[in-house]
Amino acid sequence: MRYVRFARIAAMALLTAMTLGTTACIAPDARYEREPAPEPVKSGELTGDWKGWRGSALELVSGGRATVTKLDGQSWDFDDGWRMTGKGTWRHEQNILVVSVKANDVAERPRSADDPGVPLPSPNPEEFPKEYRWQFKARHGEKGRLEIYFFTGDPDTRDAYVMWQAG
């Protein structure tokens with residue numbers, strides 16, 4: 001009799017643990033900040049030269065031409081440590097700036113994803129992307145200055161890669 005009662009309690013505890021475990025995976029998690037909606041900007045506000053982290057640059061010319069210099073990858077690609085230089089196109093749709101570039105140079109990994117001061121060994125250039133597409137959002141940062149940004153790294157610990165207009 002005791003054994004049956006113990007088995008029922010154990011089965012109930014297991015069922016409860018499984019139910020709580022699966023609902024935790026699908027329930028919204030308050031630890032993760034919602035990504036802000038992009039601020040509305042006009043295409044004309046985006047043209048010009050943009051500067052970013054560690055010498056990265058983006059030139060947006062009216063008519064849709066773009067040039068990137070030492071621009072890191074977004075999202076998980078940032079962790080790979082490559083930096084791209086090349087020419088391509090840009091477009092602005094639904095308040096998202098989309099920049100597509102074919103690489104004429106992808107620099108060797110200048111940094112470790114864990115410690116930017118630690119250089120990585122020279123990788124095989126075949127590992128680098130030959131073309132890439134970034135999706136920037138716009139916001140008004142400190143002092144109302146227009147910034148464009150994308151997120152880097154793991155969504156659990158993401159950072160904003162921010163660029164600002166030069167000059």
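This is a predicted model: local features need pLDDT of at least 70, side-chain atom pairs count only at pLDDT 80 or more; totals for chains, interfaces and linings use all residues.
A salt bridge here is a side-chain nitrogen of Lys or Arg within 4 Å of a carboxyl oxygen of Asp or Glu. Side chains of opposite charge can pair when their charged atoms come close.

Residues are numbered from 1 along each chain as its sequence is written, and side-chain values use heavy atoms, with hydrogens and water left out.

Glu147 counts as buried because its relative accessibility is 15%. Arg139 has a relative accessible area of 27%, so Arg139 is partly exposed.

Let us turn to the strands. Helices (H or I, at least four residues) and strands (E, at least two) are DSSP runs, numbered from the N terminus, and two strands pair if DSSP finds at least two bridges between them. Strand S6, residues 131-140, and strand S7, residues 146-152, run antiparallel and are joined by four bridges. Across this pairing, His140 stands opposite Leu146 in S7. The hairpin of S6 and S7 has five residues between the strands, and Lys143 there takes a positive phi near 60°.

Which strand does S7 meet through six bridges? The partner is S8, residues 159-165, and the two run antiparallel. Here Phe151 stands opposite Ala160 in S8. S7 and S8 also form a hairpin, with six residues between them, and Gly153 in the turn has a positive phi of about 75°.

Why is S7 described as largely enclosed by the rest of the structure? The reason is that seven of its seven residues are buried. Leu146, Ile148, Phe150 and Thr152 point one way from S7, while Glu147, Tyr149 and Phe151 point the other way.

On a 1 Å grid over the protein atoms alone, a cavity is a set of points where a 1.4 Å probe fits but cannot get out, and a pocket is an open set with protein on both sides within 12 Å along at least five of seven lines; lining residues have an atom within 4 Å of a point. Grid points are joined across faces, edges and corners, and a volume is the space filled by probe spheres set on the points.

The largest pocket has a volume of about 210 Å³. Its lining has 13 residues, and those nearest its centre are Glu35, Gln74, Ser75, Phe150 and Phe151. S7 gives the most to this lining, with four residues. By class, the pocket lining divides into five nonpolar, five polar and three charged residues. In this scheme Ala, Val, Leu, Ile, Met, Phe, Trp, Tyr, Cys and Pro count as nonpolar, Asp, Glu, Lys and Arg as charged, and the others, Gly among them, as polar.

How many cavities of 30 Å³ or more does the structure hold? There is one, and the largest cavity has a volume of about 30 Å³. Among the residues that line it are Val41, His92, Phe136 and Ile148. S6 gives the most to this lining, with three residues. The classes there are seven nonpolar, two polar and one charged.

Finally, I return to the charged pairs, for the structure holds three salt bridges. In one of them, Arg83 and Asp72 meet at 3.2 Å, N to O. This pair links distant parts of the chain, with Arg83 in strand S4 (residues 83-93) and Asp72 in strand S3 (residues 65-72), eleven residues apart. Both Arg83 and Asp72 are buried. Arg91 forms a salt bridge with Glu93, with the closest N and O atoms 2.9 Å apart. Arg91 is partly exposed because its relative accessibility is 36%, and Glu93 is likewise partly exposed, at 38%.

How values were computed. Buried means under 20% relative accessible area, exposed over 50%, partly exposed in between (1.4 Å probe, protein chains only).
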